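Here is a structure to explore together, one chain at a time. Take a look at it first, and then we will walk through what can be said about it.

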Amino acid sequence: MDQLLQHGLNALMLGGTYALLGIGLTLIFGIMRVVNFTHGELYAFGAYMMYMFVMLTGANFFVALVLAVVLGVALGAAIEFLLLRKLRGADIDTTMLVMIGAWIALQNAEQLAWTGVAKSIDNPFPAAPLVIGAVSVGWNRVFVFVVALALIAGTYALINHTRLGKAMRATFQDRDTAALMGIRIGTIHTATFALGSGLAAAAGALLGPVFVAYPTMGDLAAAKAFAVVILGGLGNIVGATVGGFILALAEELGAGYVSSGYRDAMGFLLIILILVFKPTGLVAQKERIG
Amino acid sequence: MKTGLTTLWVGCLFSIPLWMTDPYVLHILVVTGIFIVAAMSLNLLLGYAGQLSLGHVAFFGIGAYASALVSLGFNVQLAPGIVLILDPQPVWCGMLSGVLVSGAFGWFIGKISFRVRGAYFVIVSISFAEVMRLVAVNWVELTQGPMALNNIPPLTLWLPGVGEHVFWKKPENYWLVLSVAVVSYILIRRLVRSRAGRAMVALRENEPLATSVGIDVTRYLVLTTVCSAAMAGAAGALYAHYIRIVDPDVFLFIYTVTMVIMVITGGKGTLAGPIVGGLIFGLLPETLRALAIRPEVQWIVYGVLMILVLYFLPAGIVPAVRQWWQRRRSDAAAVRAST
Amino acid sequence: MTNIAAGQGAFLSVEGLSIRFGGLVAVDAVTFEVREGEVLSLIGPNGAGKTTAFNAITGYLAPSAGEIRFRGARLNGLKPNRIAELGLVRTFQKTSVFGGRSVLENILIGLHLRSQQRPLAILLGLPSVAREERTLETEARRILEFVGLGARALELGSALPYGEQRLLEIAVALAARPQLVLLDEPVSGMNAVETASFMAKLAEIRALGVTVLLVEHDMKMVMGVSDRIVCLNQGRIIASGTPAEIRRDPEVIRAYLGERYARAHG
């Protein structure tokens with residue numbers, strides 16, 4: 001029972017970051033219909049930015065976190081502006097393949113810059129974990145959970161209670177009509193991609209110090225992000241949030257009770273099963289955003 | 001005229017080991033050849049049928065493992081009391097198994113691809129390949145996991161009168177791979193120039209119209225994936241018996257990406273596309289290596305190259321060359337007509 | 001008003017067809033039949049449910065209620081390709097051709113059901129496949145000649161002017177050798193000359209023994225080619241009969257031209 005609780009607690013922390021990854025991707029995938037292969041690289045970017053600021057320049061941990069996210073947003077905007085703008089009318093294969101090209105270039109650039117050796121990032125939290133009865137959790141993980149929740153709440157508020165969010169929702173529902181209503185689709189796309197990328201970078205910046213940073217870390221993160229998107233339904237923030245926690249729980253239980261090697265397979269198996277048997281996702285009734 | 005040129009060209013290819021004796025160059029050609037077969041199989045699915053399959057390496061890897069395991073033999077316990085044993089079989093048997101097992105998985109993917117379309121199929125196909133990789137890593141009893149399957153026997157042919165001949169040397173492997181490539185090309189050519197090929201293309205271009213004249217979507221998706229998977233499995237089997245070591249890295253996504261780059265830059269949906277793409281991206285790493293360029297930079301070049309091709313030659317190199325050639329001919333004809 | 005009831009021996013019988021989208025009733029208990037060899041036209045104002053009914057009959061939409069039978073076989077729930085195998089082929093309201101393929105290839109694709117090639121024979125390169133390909137090409141050219149596109153055989157489908165694309169559409173449908181062809185607004189966007197030419201072509205198609213179910217807005221054409229007409233409005237049949245009867249029918253007039261006109265001329 002205690003083991004179960006411990007798994008549950010671990011899943012909470014992990015779930016928050018999976019949710020961040022998933023929300024970012026579901027917005028991009030949903031509003032722009034782009035299979036964003038660079039999503040994982042933004043996650044790695046966030047982690048490496050933390051490494052660079054905290055370990056190389058000695059900056060304050062929290063300042064570094066904010067910087068990493070801001071830079072992630074900027075990188076996302078740059079990718080959209082440089083690569084995707086011109087492909088506005090192209091078919092899905094072309095866009096997808098351009099994203100793959102960008103992914104390859106980005107990942108190898110990261111490898112070139114930081115080498116393949118895993119980098120660990122110091123954190124300012126006490127080493128002794130927080131103990132609650134029979135279970136324990138590190139303070140750094142508690143921090144991650146809290147920040148992730150804050151970001152999720154912030155994104156939800158942005159999408160549902162601001163004008164920008166409203167424009168994004170309109171574009172998701174019906175792009176042509178949104179354009180006719182005066183919404184500048186180009187701006188919305190850049191904003192969406194920037195936001196999604198920022199969330200991915202945030203997830204990386206949060207998890208980097210908990211684990212380590214290494215060049216291919218983005219691949220697994222991207223795969224899990226897709227799993228979360230599919231679990232929660234396209235464009236569905238609440239769904240992605242719930243999906244993130246479900247995935248984390250499935251992984252924890254799978255690793256704990258089946259085999260740790262198959263932990264990462266959980267996400268993929270869930271993807272396959274859901275898409276084949278319930279394509280609209282576990283949470284969503286139909287495709288909607290918000 | 002065209003057939004004559006093709007025969008001459010193929011004849012030249014066959015003659016290479018006779019005058020090119022550097023084993024390293026031959027090795028590169030063999031590996032490139034294997035990749036070209038895999039790229040041709042992907043082109044059938046991605047180019048002709050328009051299925052965004054990014055898990056193609058799964059079929060390659062399944063073919064490699066199946067062939068290796070059948071020729072090495074295995075002994076696994078599936079469940080308490082249920083043990084599966086196979087004694088080592090001749091290599092040709094292994095290769096056949098590679099083709100058949102891959103084809104079977106292709107059938108399964110084909111069946112579900114009808115329910116899962118477009119971008120979602122991309123995700124499912126990638127997930128499928130990853131699950132295969134993780135199974136290969138974790139089911140150590142069967143696959144030896146990361147320790148790899150070693151000492152896979154090379155192809156052995158038994159010819160009456162000549163006796164047994166083992167394919168140890170590079171030239172023989174080169175001829176084997178070239179033969180498989182030629183046969184694959186012929187099979188694909190026959191397929192795409194037939195009723196089946198037209199059905200695939202029709203489904204890709206305008207599915208509602210295609211179904212209105214009687215084309216069965218599921219049937220042709222399954223046919224395409226089975227053929228495509230079986231051919232990729234053959235490439236995998238060749239790989240297993242040439243490199244003679246197979247480990248879970250054979251399922252890495254990066255190999256799918258390589259195949260995709262070959263097909264897209266060469267020209268998807270054309271017969272020559274994957275060959276041109278395969279030659280470029282099979283031989284490019286070697287030239288870059290000769291220039292002492294780091295592998296990371298090499299991949300950055302690939303990524304950028306692919307993006308450039310997609311922007312400026314979206315249909316690929318082969319169609320662009322064809323168009324240019326056509327324009328030159330019509331320009332020349334116009335000039336002749338006006339003088 | 002001639003009563004059109006669904007009989008047992010009807011070629012195509014549509015009985016009580018209803019199609020609902022959520023709360024919206026697009027087609028409401030529509031019953032009619034098409035007799036072998038005739039040309040039946042489905043008319044009605046925009047949004048009357050004509051194309052929706054077409055989609056249900058040809059398997060692109062699942063009916064909420066009702067029975068659709070073609071020569072006795074029940075069509076409900078069948079996939080469009082299966083319905084085509086049974087002899088029922090449709091064209092689409094929005095011009096639908098294989099734009100990236102040549103005109104000849106478009107017809108060859110249409111000839112899909114007429115071809116026997118099996119995958120194994122194809123892969124083995126058996127001579128029967130090459131023989132059949134030659135036969136198919138001859139047949140394709142013949143069909144192109146029939147619709148008047150013979151000279152366009154090697155051009156890209158998307159390169160044809162609008163009127164010829166519509167002809168190509170018909171040709172592709174005919175290639176599948178249907179016994180009943182459903183044409184969805186075949187002359188929309190055509191000028192008077194093209195329409196007249198199409199009407200003549202339709203007569204030739206009839207002469208081939210093909211039954212035709214037509215959806216159209218062009219009244220002149222409808223009156224000119226139809227044996228019988230069924231008029232829909234807001235998902236229901238409001239009138240049916242011969243062209244002469246329909247022309248005089250007050251309900252039809254009211255549906256098309258409004259209440260005031262009907263009263264003024266009633």
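How far apart are the nearest C-alpha atoms of chain A and chain C? They are 14 Å apart, and the two chains do not touch. Two residues are in contact here if their C-beta atoms, placed from the backbone, lie within 7 Å.

A word on the model before going on. It is a predicted model, in which local features need pLDDT of at least 70, side-chain atom pairs count only at pLDDT 80 or more, and totals for chains, interfaces and linings use all residues. Residues are numbered from 1 along each chain as its sequence is written, while chains are lettered from A and ligands numbered from 1 in the order in which they are written.

**Chain A**

Of the 2 pairs of chains in contact, chains A and B share the most contacts. Chain A itself has 11 helices and 2 strands (DSSP runs, numbered from the N terminus: H or I of at least four residues for helices, E of at least two for strands). Along the sequence, the order is α-α-α-α-β-β-α-α-α-α-α-α-α.

The C-alpha trace spans about 60 × 45 × 35 Å along its principal axes. In chain A, 54% of the 290 residues count as buried, meaning that 20 or more other C-beta atoms, placed from the backbone, lie within 10 Å of the residue's own.

| Chain | Residues in the contact |
|---|---|
| Chain C | 30 residues |
| Chain B | 21 residues |

On chain C, helix H2 (80–85), strand E6 (88–90), helix H3 (103–110) and helix H4 (119–124) each supply at least two residues of the side that touches chain B.

**A sheet in chain C**

Strand E6 of chain C also belongs to an open sheet of 6 strands, in the order E6-E7-E8-E3-E9-E10, with mixed pairing. Two strands pair if DSSP finds at least two bridges between them. E6 and strand E10 (236–241) of chain C each have a single partner strand, so one side of each is left without a neighbour in the sheet. Strands E3 (residues 39–43) and E8 (residues 211–215) of chain C run parallel and are joined by 4 bridges. Within this sheet, C:Ser41 stands opposite C:Leu214 in E8(C).

Conventions:
A residue is buried if 20 or more other C-beta atoms lie within 10 Å of its own, exposed if 12 or fewer, and partly exposed in between; C-beta atoms are placed from the backbone.
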